[in-house]
Amino acid sequence: MASHSFDIVVIGAGPGGYVAAIRASQLGLKVAIVERENLGGICLNWGCIPTKAMLRSAEVYHLMHRAKEFGLAATGISFDLPAVVARSRGVAKQLSGGIGHLMKKHKVTVFMGTATIPAKGRVAVKTDKGDEDLVAKSIILATGARARELPGLEADGDLVWAYRDALVAKRMPKRLLVIGSGAIGIEFASFFNTLGADTTVVEVMDRILPVEDAEIAAFAKKSFVKQGMKILEKAAVKKLDRRPGQGVTAHIEQDGKVTTQEFDTVISAVGIVGNTEGLGLEALGVKIDRTHVVTDEYCRTGVEGLYAIGDIAGAPWLAHKASHEGVMVAELIAGGHPHPIKPGSIAGCTYCQPQIASVGLTEAKAKEAGHEIRVGRFPFIGNGKAIALGEAEGMIKTIFDAKTGELLGAHMIGAEVTELIQGYVIGRTLETTEAELMETVFPHPTLSEMMHESVLDAYGRALHI
């Protein structure tokens, strides 16, 4: 068995792992990264990126149907699902190849194989070519997560799909059931519904998009229903009767009654579980709570020299959180003094139609935390750019502490809000108050002006409503 010595070994080459490896290398450390499947991890290959490519196809298809509104003509509009899937896979492949290039550029040694940690400071890698033994002062766990499977609702790749099956859809669903209305469920529901699937979403909580502000979730529900989706809240899929080649009978419980409905395809999107198994973590004394590694604010596991970042370290399960943690841990190992990540300053984005984006506290959570609040709202219909774009559906909501003027949270729904949210994220990082936001001159005509107006509205000063 070949033995190699490094300053850091990173296990997992997703957006947390590969970024940690790059930053550590920039800081002059000798780095290795171990990946058992694809460079770029789930995000680049089976998550964030390929889903956005597919959703873009659905958005263009939707716009083509609206051609007449814009003084244009488009006839015989149709889609080719295999071609949509092929474009999405091509985008993922291009980016995954780019990570390989970045690893070479930053002199990070890549081991393609499965890692275990037989002892502190040691990583054993099983590769196609044999076993490798890596020795390192520090090990960063970035093994990510996978789809949660509920008993009886497991994906089979044929009638019941997990997100991976949906990304390489072999057929266009006619009657689609989506179980779970978090970001993943809603994005797939939005994609297939836009392409014409008769779509039903079942959510066990009392509303869809349960982590979002209640007002934004209600706005989204109204919009989805208008688009033809059926939304069942406070409902649970108790059982699926599968008939290969024919379809699925779903037993759905709502208000204490169980009814059955027929579908040809089911997508299960009921959360994720951390990839903690088979690494040897328990023997090392690592604490695991509900499939996630317990860490402190600096991603330290409590075992000397062992860190955990990204999805394996718990919520929020977002690629950008993983990347930022990767940078923080690399700097910490190199002797720096980085700031810990503040979960409340990490934005969440959902790329359904209309898009949803948020950062910080919801109105309910702000009140729960004891804040006296001021809330501002501004509708897309009051914005010139939104009307010119033909995207007048949406709103921006801001929440401030009434005493201090601190921006507690911002919540948006509408066209391109996933790009707009960053303005408020920077505001929170700079610990801005309403005064600075009011004094900022936003360019005209832009959608971003609504952010200004929403702040003004919280203080009774909105100009265009």
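1. Buried means under 20% relative accessible area. By that cut-off Phe191 is buried, since its relative accessible area is 1%. This residue returns in the aromatic points below. The model is a predicted one.

2. Overall dimensions. The chain has 465 residues and a radius of gyration of 24 Å. A compact globule with that number of residues would come near 23 Å, so the chain agrees with the expectation. Along the principal axes, the C-alpha trace spans about 65 × 60 × 50 Å.

3. Secondary structure and contacts. The chain holds 15 helices and 23 strands. Take the contacts with a separation of 6 or more: 62% of them join residues 24 or more positions apart.

4. Burial and surface. Of the 465 residues, 51% are buried. The accessible surface of the chain is about 21500 Å². Carbon and sulfur atoms contribute 55% of that surface.

5. Charges. The chain carries 50 positive and 53 negative charges. The mean position of the positive charges lies 3 Å from that of the negative ones.

6. Aromatic pairs. A pair of aromatic rings is described by two quantities, the distance of the centres and the angle of the planes. The chain's count is five aromatic pairs. One of them is Trp161 with Phe192: the ring centres are 6.1 Å apart and the planes stand at 55°. Edge-to-face needs an angle over 60 degrees and stacked needs one under 30, so this pair is tilted.

7. What does the Trp161 and Phe192 pair tie together? Trp161 sits in strand 7, residues 160–161. Phe192 sits in helix 6, residues 183–194. The pair therefore links parts that are 31 residues apart in sequence.

8. Are Trp161 and Phe192 buried or exposed? Trp161 has a relative accessible area of 2%, so the residue is buried. Phe192 is buried too, with a value of 0%.

9. A further pair joins Phe191 and Phe192. Their ring centres lie 4.8 Å apart, with the planes at 80°. That angle is over 60 degrees, so the pair counts as edge-to-face.

10. Putting the rings together. Trp161, Phe191 and Phe192 form one aromatic cluster. Phe192 takes part in the tilted pair with Trp161 and in the edge-to-face pair with Phe191. Each member is buried: Trp161 at 2%, Phe191 at 1% and Phe192 at 0%.

Notes. Residues are numbered from 1 along each chain as its sequence is written. This is a predicted model: local features need pLDDT of at least 70, side-chain atom pairs count only at pLDDT 80 or more; totals for chains, interfaces and linings use all residues. Side-chain values use heavy atoms; hydrogens and water are left out. Helices (H or I, at least four residues) and strands (E, at least two) are DSSP runs, numbered from the N terminus. The radius of gyration is taken over C-alpha atoms; the globule rule is 2.2 Å times the number of residues to the power 0.38. Buried means under 20% relative accessible area, exposed over 50%, partly exposed in between (1.4 Å probe, protein chains only). Contact means heavy atoms within 4.5 Å. Accessible areas come from the Shrake-Rupley method with a 1.4 Å probe; for residues, only the protein chains shown count as cover. Lys and Arg count as positive and Asp and Glu as negative; His and the chain ends are not counted. The place of a charge is taken as NZ of Lys, CZ of Arg, CG of Asp or CD of Glu. Rings of Phe, Tyr and Trp (its six-membered ring) pair if their centres lie within 6.5 Å; planes under 30 degrees apart count as stacked, over 60 as edge-to-face and the rest as tilted.
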